[in-house]
Each structure stands twice: as C-alpha cells, then as structure tokens.
Protein chains: 2
Amino acid sequence: MLSKSNTKYIQSLHHKKYRDEGSTFIAEGSKCVLELLQGGHFACKQIFAMDAWMRQQEPLIRKYFSGPLQIVSDFELEKISLLSTPNQVLAVFSKQVPATYSPVAKITLVLDQLQDPGNLGTIIRIADWFGIEGIICSQHCADMYNPKVVQGTMGSLGRLNILYCNLAEWLQQYKNIPVYAAALNGQNVQTIKGTKEAILVIGNESKGISEEVMQLATQKINIPKTGAAESLNAAVAAGIILSHL
Amino acid sequence: MLSKSNTKYIQSLHHKKYRDEGSTFIAEGSKCVLELLQGGHFACKQIFAMDAWMRQQEPLIRKYFSGPLQIVSDFELEKISLLSTPNQVLAVFSKQVPATYSPVAKITLVLDQLQDPGNLGTIIRIADWFGIEGIICSQHCADMYNPKVVQGTMGSLGRLNILYCNLAEWLQQYKNIPVYAAALNGQNVQTIKGTKEAILVIGNESKGISEEVMQLATQKINIPKTGAAESLNAAVAAGIILSHL
C-alpha cells in the first residue's frame, strides 16, 4: 500500500518548486521509465508499479536499480499519476547537474521563452535525432523536468546538455559563432546549408524572439510560406531549420 | 441559462458518432471561433459565450452570423467545454461536404492511420503553410472534426480539401504521380527537390505505413539521423519533408 506521505511526496513533484527543492523528477509509463533506467543518465530513486508489470520487469530493473520497488494498485497509481490513462509504472529520478557546454564547432539550439512543455519535449527529441549536443533555454522556458516534457522526449532527455540561463549573457560569450534567428522576415532557410558551427534561436510560440536576443542574431532565417496558415508550430519550425542546417 | 438539452447536445458532439449523425462539430476559444466564422468555410449554427466576450464581439459576429447567440456562465461553459481552461466561447458549426479533389499537378499529403488528433491538427496547419490543397486520410485516421484537431489547426481547417477514403483504392487511380513514402530506410530527403507533382505518404505514429499502401509507393524517403533518438514526431517529419519538396 502506498503511504500517505509517499502519495503527497509524488504529487508535490508535479510542481516545479518541489522538483527544484529536492532535485528530483518523475517519469511515467513503461516505455519512458525503462528507457530512462537503461539510459543511465539519471539516478533512479524509487519505482512504483502495478503488480503484473513489476513481476514481468523486475529482472530487467534489477540490472540498473537496487533501490526500493513498491507495488501499487491501479487506484493508487491514478492518484499519483498525471496521465489521463496511467500506464503501469511511475518512477522518481534525480535531476542531472548540467555539464559545462561549449558551442564551438557544433550546432546549438537556443530556446527563447518556449513555453509549451509539449513543444519542448518534441524539440529535445528532434535535437537528439539530428545529433545536437546542447540546448540553451532562457529562464522563462518550460521546465525540462516537467512531466509532460519527460514524457515527450521519449528517453532523449538524458542524452543532451540542457542549460537554463540568461540568453543574452550566454550569447555574448560566443561572438564568433553565427547566430541564426527563426523569424517571419528572414532569409529563406533553403539558402543556408551544410553549416558545421551555428547557434539557432527559436522563440516563444506567440511572441517570437525577444528584442534583446534578436539584437544578437547575425542572421534572420525564415521558412518560406506559400499557403495561408498564420504560423508554424515552434517544434516543426525547429525541425525544418535543423534539417536544412 | 443553458438548457439541459443544449448541454447534452453539445456534450454529444465531443464524440465522433454524434458529430457524424448531425454533420456538425464544435470549435472553442475566441481565436478559433472568430477565425472559423470569418473564414466562411463552415456555416455557423449556434454560439455560446460569456457575457463580456459576447458584448465585445457581437458587432463583428453579426457580420457573419445571424443565428442564435446564447450567453452562458463560466460554470455552464465549463460543462460543455473540452478545454482544461475554457476560453469564453464555444460554437457549433456544420461540417463541409468534401469537394472533389484531383492530385494532378499538385503536392498532396496522404495520411495512413495517423491516430493522434494533436498531430493531425499540426499537420493540417503545416500543409496550409506550404500551400498544400488536399489531404487524403485513411479511414482509421483521427477525425478532422475532433475538437483537438479543430483547436490545433488554428483556422486552417476550412482551407484544405480533406477526404477520408480507402488509400490503396485512391492511390491506384493516379499511377502516373510519384508516391513518396516516409520511411526509416529510404532515400535522403535532401536529394529530392523542387517537385511540382507528388503524393507524400506519412504513416502511423508507431507502426508507420501499412504494407498495402507501401507497395504502391514509387520511392521511400528518409530524414537522415545523426543522433540517437528513436523516432521523429509524425508532424515534424511531414513538415521537414514538405519543406524539401
């Protein structure tokens, strides 16, 4: 049985404040939990799972994790889960201390106030697809440890260096690296190709890139529109530009 | 006050069965409702809105709609809404009878069992950005009138011809048009450029393209992966390939 204090503790991790305090986060669902365990980037602290799942997965889990395993009922899992259909298991992991990251001789993604956790999750997955090593987020971006982000990244979360900082200050350290800003009035992305070193800035879903950051861009780039839609989803725009770089 | 029968009626439109029966669907939120009204592709049947919004928007609404306007309380709106934070207005529209569509001399998108309404909404928006005129969906795709799709398309919904049919039968009518299938083992998308006539097939989020449809493809294409992520989101893949075509 799940204790009251455990229930409260996990529910608290739905909120950034408490994730920050304890430097922990939750992951849910069989695929996501197993990928994070096997990826080995985050230390696992506790696993809560339904009986049938635990019996099936215990041999695999024990290769990666020697800590407490707790059986929960579907009713208990529902109480601690954020999914509309809870999926057998929820685990608590320790956050990673961000490594130092240098954008020299690499393609780096910079996210300026990207607010939707779903978009952030998808972007982390796209970045991992294209072999990007680092993502620099402004302090007002969605939290990378938000459960929706963790879910959306499908295990890519631990493979990238993701830093939160003041973007203008960070960019000013690397004045020799070209900074491309995704904007509606920029140069056609199809004319920019084969870059080995660049910083690509993607802005907020509705407001775009802040003025302070835009001033540090060396070039605006744009995905040419031939139809009528007002905008492209931020993650889709990131994917398209990265595929051209 | 919202009548019991109206409440029940709108709640029924959360489900495909009832949307099909009455050939109607719902749209929510100020931006979405106003865009659909002004777009003029779908006939509006009823509008339910909070008092303040209605007073502000009535002059604009009356340019496009002469039918019933109903004031609802926030509590009533919550009851009929599917949004976690209901946004001032919900409207009922009539579905459109699909126009006949020919893929000759065009780029056409074909979706094979694309199941996530969020992905379908994003793909419709991407298609509209790139000036695509038609999307052909297999019968097991998400419903284009699912409220999440309507929300995600941001007004692009009415600007495209979207048909649901048996894909294999449809493809067999156009044997002279190249059919590109997005697949993990295909040709690099960067080598395919400037096509004016093509059919691009995007498959199911986890299972990809069905065998029956794959057999009708003239070429498989792939987005080269240099990192470790297992897959790309279907909407992102569609966006990247369309940007290269």
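Two residues are in contact here if their C-beta atoms, placed from the backbone, lie within 7 Å.

Me: What share of the contacts in chain A with a separation of 6 or more comes from residues 24 or more positions apart?
Reply: Keep in mind that this is a predicted model. Chain A has ten helices and ten strands. For its contacts with a separation of 6 or more, the part from residues 24 or more positions apart is 79%.

Me: Which residues have the most contacts inside the largest nonpolar core?
Reply: In chain A, 43% of the 245 residues count as buried. Nonpolar side chains tend to be buried together in soluble globular proteins. The largest nonpolar core here has 150 residues. Leaving out residues up to four places away in sequence, B:Val201 touches B:Val110, B:Tyr180 and B:Ile209, among others. The ones with the most contacts inside that core are A:Val201 and B:Val201.

Me: Which helices of chain A each supply at least two residues of the side that touches chain B?
Reply: Between the chains, 25 residues of chain A are in contact with 25 residues of chain B. By class, chain A's side has twelve nonpolar, eight polar and five charged residues. The helices that each supply at least two of that side's residues are α6 (117-129) and α10 (234-244).

Technical notes
Residues are numbered from 1 along each chain as its sequence is written. Chains are lettered from A and ligands numbered from 1 in the order in which they are written. This is a predicted model: local features need pLDDT of at least 70, side-chain atom pairs count only at pLDDT 80 or more; totals for chains, interfaces and linings use all residues. Helices (H or I, at least four residues) and strands (E, at least two) are DSSP runs, numbered from the N terminus. Ala, Val, Leu, Ile, Met, Phe, Trp, Tyr, Cys and Pro count as nonpolar, Asp, Glu, Lys and Arg as charged, and the others, Gly among them, as polar. A nonpolar core is a set of buried Ala, Val, Leu, Ile, Met, Phe, Trp, Tyr and Cys residues joined through C-beta atoms within 7 Å. A residue is buried if 20 or more other C-beta atoms lie within 10 Å of its own, exposed if 12 or fewer, and partly exposed in between; C-beta atoms are placed from the backbone.
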